[in-house]
Amino acid sequence: QALAAKIELVEKSGFALFEQLTPASEMMAIPPIELLGDILFRWETFAANPAHSPTGEIISRVVYKKKIYINAHGEPQDHVAKDLLFFQAMDNVVNDRTPCNEIDAMRLASLYMQIVWGDHDPSKVHIGKQLMNELDRYIPKSMISMYTPQDWKTRISEMHATLKGRTAEEAKDIYMQHVKRWHLYGSTLFKAAP
């Protein structure tokens, strides 16, 4: 409740804190009765094990995100909730928690380019270089090796150019409309053993 108030989240129904011990591990919802000291102790113990963290560095994180989708395809009126859902959807795509194909991946990457950089401008070479160096922020990690960074840049830039004149908010809305069409939007997938 305090976090929701701090970030001025009005539509707080269904949001919760999640803990992730490593970037590759699953996120776990933190029970409301969990104490911060217990979480920090767990992280320090985890980081102290050389098998988990060779440098002893704490690489865990806490994320505030949607846990329960009451109306997954509805449009939140609260701009903070809207932004949180956008960043959660984007994080799910690039971290392979929401499966998509390469055309979807390029389309979503071009929309994110429009949100971050505005209209495509071929004269801004630094943007293309940054895209090639940070593909994991735009493309699902499992797809990055499908093309060279230059090929990804070319393909994404072509799609980005078609978004000329769109505002960041419009691009964010298009991104969300796109992922909400997927059957798995609003679902949480869990790994299962045979």
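Q: Is Glu 169 buried, partly exposed or exposed?
A: In this predicted model, the relative accessibility of Glu 169 is 39%. Buried needs under 20% and exposed needs over 50%. Glu 169 therefore counts as partly exposed.

Q: Which residue forms a salt bridge with Glu 169?
A: The closest N and O atoms of the pair are 3.5 Å apart. The cut-off is 4 Å. Both residues lie in helix H7, 3 residues apart, about one turn of the helix. The partner of Glu 169 is Lys 172.

Q: Is Lys 172 buried or exposed?
A: Its relative accessibility is 9%. The limit for burial is under 20%. So Lys 172 counts as buried.

Q: How is Arg 137 classed, buried, partly exposed or exposed?
A: Arg 137 meets Glu 134 in a salt bridge at 2.8 Å, N to O. Glu 134 has 23% relative accessibility and counts as partly exposed. Arg 137 has a relative accessible area of 37%, so this residue is also partly exposed.

Q: What is the orientation of H5 to H6?
A: The axes of H5 (residues 125-133) and H6 (residues 149-161) come within 9 Å and cross at roughly 125°. Perpendicular ends at 115 degrees and antiparallel starts over 145, so the angle falls between those classes. That makes H5 to H6 oblique.

Terms used. Residues numbered from 1 in each chain as written. Predicted model: local features only at pLDDT ≥ 70, side-chain atom pairs only at ≥ 80, totals over all residues. Heavy atoms only, no water. Axes fitted to C-alpha atoms, helices over the stretch in contact; angles between N-to-C directions. Helix = DSSP H or I, 4+ residues; strand = E, 2+ residues; numbered from the N terminus. Parallel < 35°, antiparallel > 145°, perpendicular 65-115°, else oblique. Buried < 20%, exposed > 50% of the residue type's maximum accessible area, 1.4 Å probe, protein only. Salt bridge = Lys/Arg side-chain N within 4 Å of Asp/Glu carboxyl O.
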